[in-house]
Amino acid sequence: MHDLTCLIKGCQTRVYAPAGTHSICRDHFLAYLTWRRRKGPQMFMKYAGMSMEERDPIVAEWANTIRVEEVPTAAAPKS
Ligand SMILES: [Zn+2]
């Protein structure tokens, strides 16, 4: 592992598990696991057979969803 802190921007937690060629903390690892589980069993099977480099785009896609959740939705219409 080369990273000392979580791959997720703004997260200063120590790394826990690899995510592609990078590493993420325990909380984000669990969130990533949940996200992949939500994608269905095909994703799980596919992911298991992927190399670390091949996993990077998947990690990036998930990381984008994390950032969206953290950013206040100023552009969202008020109900
Ligand atoms: Zn983290």
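Strands, here, are DSSP runs of E at least two residues long, and helices are runs of H or I of at least four, both numbered from the N terminus. On that basis, Leu 4 has its place in the segment before strand 1. The model shown in every view is predicted.

**View 1. The whole protein chain has three helices and two strands.** The order from the N terminus is β-β-α-α-α. The chain has 79 residues, and 16% of them count as buried. Among contacts with a separation of 6 or more, 27% join residues 24 or more positions apart.

**View 2. Leu 4 is an exposed residue in the segment before strand 1.** Leu 4 has 9 C-beta neighbours inside 10 Å. The cut-off for exposed is 12 or fewer, so Leu 4 counts as exposed. Ser 23 lies 19 residues away from Leu 4 in sequence. In space, the C-alpha atoms of Leu 4 and Ser 23 are 8.2 Å apart.

**View 3. Thr 5 also lies in the segment before strand 1.** That strand covers residues 17-19. Around Thr 5, 13 other C-beta atoms fall within 10 Å, so this residue is partly exposed. Beyond its neighbours within four places in sequence, Thr 5 is in contact with Cys 11, Gln 12, Thr 13, Arg 14 and Val 15. Thr 5 and Cys 25 are 20 residues apart in sequence. Their C-alpha atoms are 7.3 Å apart.

**View 4. Arg 26 belongs to helix 1.** Arg 26 has 13 C-beta neighbours inside 10 Å and therefore counts as partly exposed. Its C-alpha atom is separated by 8.9 Å from that of Cys 6. Along the chain, Arg 26 and Cys 6 are 20 residues apart.

**View 5. Helix 1 runs through residues 26-38.** The helix holds 13 residues. Gly 40 follows helix 1. The phi of Gly 40 is positive, near 105°.

Definitions and conventions
Residues numbered from 1 in each chain as written. Predicted model: local features only at pLDDT ≥ 70, side-chain atom pairs only at ≥ 80, totals over all residues. Buried ≥ 20, exposed ≤ 12 C-beta atoms within 10 Å, placed from the backbone. Contact = placed C-beta atoms within 7 Å. Expected span 1.5 Å × (residues − 1).
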